[in-house]
Amino acid sequence: MEFKDFKTLVAEAAGKAGIGDYELYYASEESTEVEMFNGETTGFTASLTGGVAFRCILSGHMGSAYTQELSGEQAESLVRRAMDNALTLEKEEEAFFAEGGAAYPECERTEMPVLTPEQLTRAAFDANEALKVSHEKITDRCSTQAVTQQSKTCLVNSRGVDLSWNSSVDAVILGAVVSDGTEDNDDFEIKAGDPDSLDLKEAAKKVAARAAAKLGADVAPTGVCPVIFAPEAMYNLLLTFAAAFSAENARKGLSALQGKEGEVIASEIVTLLDDPFYPENPVKRIFDGEGSPTARKEIISGGVLNTLLYDLSTAHAAGKQTTGNASRSSYDSPVSIQPYTLVLAPGRLTEEELLAQCGSGVWIDTLGGMHAGANPISGDFSLQSSGFLVENGEKTAAVRSFTVSGNFFDMLKNITALSDKAVFPRLGLPAVASPAVLVKELTISGK
Amino acid sequence: MISREICAKILEAAVSTGADYAEIFAENSKNHSISMVSGKVDSISDGVVSGAAVRVYKGLRSVMATTVDLSQEGLLRCAKKAAAALGEGKAELSIVLRDRLYTNIHPVRVVPSSAPNREKVEILRTACQGAYDYDKRIRQVTGTFLDVDQNILIANTEGIRATDRRIRTRIAVTALADAKDGGTQTGSCSPGRRMGMELFEKEVDAEAVGREAARQAVVMSEAGYCPAGVMPVAIGNGFGGVIFHEACGHSLEASSVAFGLSQFAGKLGEKIAGEKVTAYDDGTIPNAWGSLNFDDEGTPTRRNVLIENGVLKTYMIDKFNGRRMGLPSTGSSRRESFEYTPTSRMTNTFIGEGPDENEAIIASIDNGLYAAAMGGGSVNPTTGEFNFAVREGYLVRNGKICEPVRGASLVGRGSDVIMNIDMVGKDLLLAEGMCGASSGSIPTCVGQPMIRVSSITVGGR
């Protein structure tokens, strides 16, 4: 059954049940992916998926339900379940739907072509060929993938909101495995865009060199020292602790930033933006998961917490406007508050000057185990790391299998310098663009 | 679900271009969860997952196509898409399907997807209240009641058509306590089983779940930071088994071993762990969280001895990766849903009982850490580098458990660490978790008795 037919059936079922205020969210995605191991095709996946979420307000509460099965029976079940769920809810905050007639921002879409299986196979093959000659330590155990993905989102509600958004992403993934004969190491790189326009040779060299640099790396020495987080490491830190910027988490007492709007929470050189239209991120949004217009905003301005991120319900409770941060990654995800692309504004120092200011310490470019070793509520972290020692203002020996420990909220206040270039390590939502960040001191646990 | 005749037609379409194996995996599942915050029902997620995947193999190539259209035409389109992606060729297999019935080793008495919300809410409320009542320092409690009712059908060109109904129920409570230095500490407890609402009759006391989460939060609220460095560590039973799951389990999955991307590739028959270590992956434990009657390729699950007295005995293998390895499936193929390509994964993975007394393990440590409860972790199987978090830790001095410490994670390389397991206790216990990898998020158990790792990097401060 097509969405437009299902929509009619749901409207009928809602009408029969006496529900006047409701919303339907439909998301569909078609993707094709080719996987290769050492240049030989091992996997091919063509998926066609999608589903519908229904929400209704009953007794002041927002009930919801979703389904992948679009049938007459499910249309009725969806309405019945959402009503039952609304009547079960007890939270005090009032629920709202977005009102129609809002002005939505202009945003240039990143258009990428729909690729054929042959084009995908060629892209994955070319990526493997590029890896083969990328580095002297490269092995014949590299894998590559090429993917093309088209998605469509529609959101309609009884308040006159009727929105849709199409997007497409093509990407090539290069998985390099290097070896020095005694140990292996791996790393990967994602390049988004029409494969014909991508420089896969350069990407292969970059990822292989990154993996090879850590071969034979020693464990870092235990101690307290200055730490530089490379943009790739900041990606993990900012996304993990972004939960603290959610007004919903603050409401629940699950954010250390609760009640801190207007206060200094970071070093004065820290300015953090949330940008739904960040040019380098092919995934952009002009409306959020509730249908409110999205907007750029400064979360932290010169160290001061300017605003938390809000949806309609939390904004109403706080007497504010929504910041357009109600997120829905798909029809089966609950509406939650998330940033789009978090952009940490760059500073003034070149990378060399940043290293010089660090003097001696550790440069960390890889962090692992974010879901285990970081507590987004308290801010405490103890994370598996790898990177390089910094000695006399220069990156020297590679180090790995150590941990860096501290507290994110303390760390924000102890940022002493930022490099002058923001790097965007990985596409998607949410995402991060960050310079390299020098922190006064953190604990390293190694040998 | 889909009749035998239609399954046969779909498989015929799937092998029409020369595939040497084809499979249908169809699913209709109900996923439900209720969350409570501050003693009030805060959110409910309620959904139906419905669709099918057709997979075909030819030699070492695999093609999968998925659809949410379960009509005969939709399924045939999906099968033809998979066949076309394999290239041009002629059908070489004839399809004869026989219905296969597997013994249900996970009986369920009260199907949770049929229970009204209010019954689940009451259980959840009891659990959350248990946490509040434990100690006045508990300032916030969140809880979730989660149940899944997965109905699947698998049919393949080996002639099997089988269905299963996989039901699981879980409750999770997280308690927050104000720490003595002004921060917040958390504790959590989240038991689950392949059972229905009867889980809360004898197996799980909801109030005790809340109390345990609160106890952990309160202990940690009084803890100072764990020191940093390399030291001996005793790891408690139950979720402590996450060390084996991360440091070794993932690296024994065919998805990395078949491609030579594991520290343990090519090491069958070799000593890879301390000699007191015997480890299992057992998908047959009745009603256990990680158990299945048969895996997601239709192979019955079994009790696999992975390591016996330190010697590597077998890997965990699915059909497709088994082709590359020249080894049969061990009943280890799993996927979150039809939307994920299945691969070799763990079920209930644990270190078996050893010869040592817990008291002797603690007494053997002059200066180290006792990790009484563990959090999650992760691993890179290629390098073996892993990490996992200590949720409840205590310093050990002169063979005695001393003050609690917080904020520690343990890191190292799997091959070093499992070799360093030199004492194994007798109090084997399993604990439930969700494991994420390429084929999605799946329920698994970890487990062990108390063990000692003679030397490991402790990330404190």
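1. Asn309(B) is exposed, because 12 other C-beta atoms lie within 10 Å of its own. The classes used here are buried (20 or more other C-beta atoms within 10 Å of a residue's own), exposed (12 or fewer) and partly exposed (in between), with C-beta atoms placed from the backbone. Asn309(B) sits in the loop between β12 (303-308) and β13 (311-312) of chain B, and its phi is near 50 degrees, a positive value in a residue other than glycine. Strands are DSSP runs of E with at least two residues, numbered from the N terminus.

2. This is a predicted model, in which local features need pLDDT of at least 70 and side-chain atom pairs count only at pLDDT 80 or more, while totals for chains, interfaces and linings use all residues. Residues are numbered from 1 along each chain as its sequence is written, and chains are lettered from A and ligands numbered from 1 in the order in which they are written.

3. In chain A, Asn38(A) has a positive phi, near 50 degrees, and is a residue other than glycine. Asn38(A) belongs to the loop between β1 (22-37) and β2 (40-58) of chain A. It counts as partly exposed because it has 17 C-beta neighbours inside 10 Å.

4. A cis peptide bond leads from Leu429(A) to Pro430(A), with omega near -10 degrees. Pro430(A) lies in the loop between β17 (415-418) and β18 (431-433) of chain A.

5. Strand β24 (residues 451-459) of chain B is largely enclosed by the rest of the structure, because seven of its nine residues are buried. Strands are said to pair if DSSP finds at least two bridges between them. β10 (residues 229-235) of chain B pairs with β24(B) in the antiparallel sense over six bridges; Val233(B) has Val453(B) as its bridge partner. β20 (residues 409-413) of chain B is also antiparallel to β24(B), over three bridges, and here Ser409(B) is partnered by Gly459(B). β21 (residues 421-424) of chain B runs antiparallel to β24(B) and is joined to it by three bridges, with Val424(B) bridged to Ile451(B).

6. The largest nonpolar core holds 284 residues, of which Ala14(B), Val54(B), Val56(B) and Ala82(B) touch the most other members. Such a core is a set of buried Ala, Val, Leu, Ile, Met, Phe, Trp, Tyr and Cys residues joined through C-beta atoms within 7 Å. Beyond its neighbours within four places in sequence, Ala14(B) is in contact with residues including Ala19(B), Val54(B), Val56(B) and Ala82(B); contact requires C-beta atoms, placed from the backbone, to lie within 7 Å.

Note on methods: Contact = placed C-beta atoms within 7 Å. Helix = DSSP H or I, 4+ residues; strand = E, 2+ residues; numbered from the N terminus.
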